[in-house]
Amino acid sequence: MTVPLWLAALFPLLGVVTIWFGKIAIKKYVERSVEAAFERRIESVRSDLRVKEAKISALQSSALSNRAGRDAIIEKRRIEAIEKLWQLSLQLRQYKMAVTTFGLFKVEELSARADKQEAVREAVKAMSGVSNERMQELANIGGDSERLFVPLDAWATYVALRAVIVFAFARLNMIAIGIKDSHKLIDGTYIINILKAAMPAYNDYLDRYGVSVVGKLVDPLEELLLKQLRSALNGDDADQQAVEQSAKVLRLVREFQAEAAATLPEN
């Protein structure tokens, strides 16, 4: 059978068309294959990201939980320290009689006669309640373990209060045990400066009357301490002036303690 010339002429064209469609099909297949592989990789990356996000979220949640737990522990300890510091200040009240009567005595005159006149020693003991045993008990009232958790201003006021009471008690106790000129062993200037730093409003009063009135400032010190502890419970922070004032008080107390340790008799 003879193939018409026009049909024979189409054979090469059909081959070209077939090849062209074949190339298109192959291209689409390759593109779909590449796209599918890419989608699989993208999904794998997304899956990895979700896993990592879950881990990060878990870590953040754990960190926040741990922080919250730690903050709760610190807050509980802070409140306990504030309560403890006030309790210690109440313990110091047991020795206020010595501080109160301190201003009634002419300390320099009595200390000049204390070694020779038993009547002077007995009168001081009876009126102030001083003794070596009580002096030791007073010295053991500390509170250093609470310092980390209480505000600086409250701590400074507390140690100033303690220093004033120790000063007056030690002065009178030295007279009671017969140490001559005991007033020369501890310079009252330290205590005056401590009180001025802790309560500047009393500067003129202290300048006018000197060390004889330190006992009258114990109650104002207690009131100041109570006010500062209440502020701490309310979450109020001390201002910069109060911080600087507190630092000065603590420095002066350290100087007083060093002087007392160097001059006071061990018994």
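Colleague: Which pattern does the protein follow when read along the sequence?

Modeller: The pattern is α-α-α-α-α-α-α-α-α-α, and the secondary structure comes to ten helices and zero strands. Helices (H or I, at least four residues) and strands (E, at least two) are DSSP runs, numbered from the N terminus. Before we go on, this is a predicted model: local features need pLDDT of at least 70 and side-chain atom pairs count only at pLDDT 80 or more, while totals for chains, interfaces and linings use all residues. Residues are numbered from 1 along each chain as its sequence is written, and side-chain values use heavy atoms, with hydrogens and water left out.

Colleague: Happy with that. How many residues of α6 are buried?

Modeller: Buried means under 20% relative accessible area, exposed over 50%, and partly exposed in between (1.4 Å probe, protein chains only). In α6, 23 of the 25 residues are buried, so this helix is largely enclosed by the rest of the structure. For the protein as a whole, 33% of the 267 residues count as buried.

Colleague: What span should α6 have?

Modeller: The expected span of a helix is 1.5 Å times one less than its number of residues. For α6 that gives 36 Å, and its end C-alpha atoms are 36 Å apart, which agrees. After α6 comes Gly178, with a positive phi near 85°.

Colleague: Now the core, please. Which residues have the most contacts inside the largest nonpolar core?

Modeller: A nonpolar core is a set of buried Ala, Val, Leu, Ile, Met, Phe, Trp, Tyr and Cys residues joined through side-chain atoms within 4.5 Å. The largest one here has 60 residues, and those with the most contacts inside it are Tyr158, Ile191, Ile194 and Leu195. Helix α6 (residues 152–176) gives the most to this core, with 18 residues.

Colleague: And what does Ile191 touch?

Modeller: Contact means heavy atoms within 4.5 Å. Leaving out residues up to four places away in sequence, Ile191 touches Ala163, Val164, Phe167, Val214 and Phe256.

Colleague: Last topic, the rings. Why is the pair of Tyr202 and Tyr205 edge-to-face?

Modeller: Rings of Phe, Tyr and Trp (its six-membered ring) pair if their centres lie within 6.5 Å; planes under 30 degrees apart count as stacked, over 60 as edge-to-face and the rest as tilted. The count comes to five aromatic pairs by this rule. The ring centres of Tyr202 and Tyr205 are 6.4 Å apart with planes at 65°, so this pair is edge-to-face. Ring pairs also link Tyr202, Tyr205 and Tyr209 into a cluster.

Colleague: How accessible is Tyr202?

Modeller: Tyr202 is partly exposed, at 29% relative accessible area, and Tyr205 is partly exposed too, at 26%.
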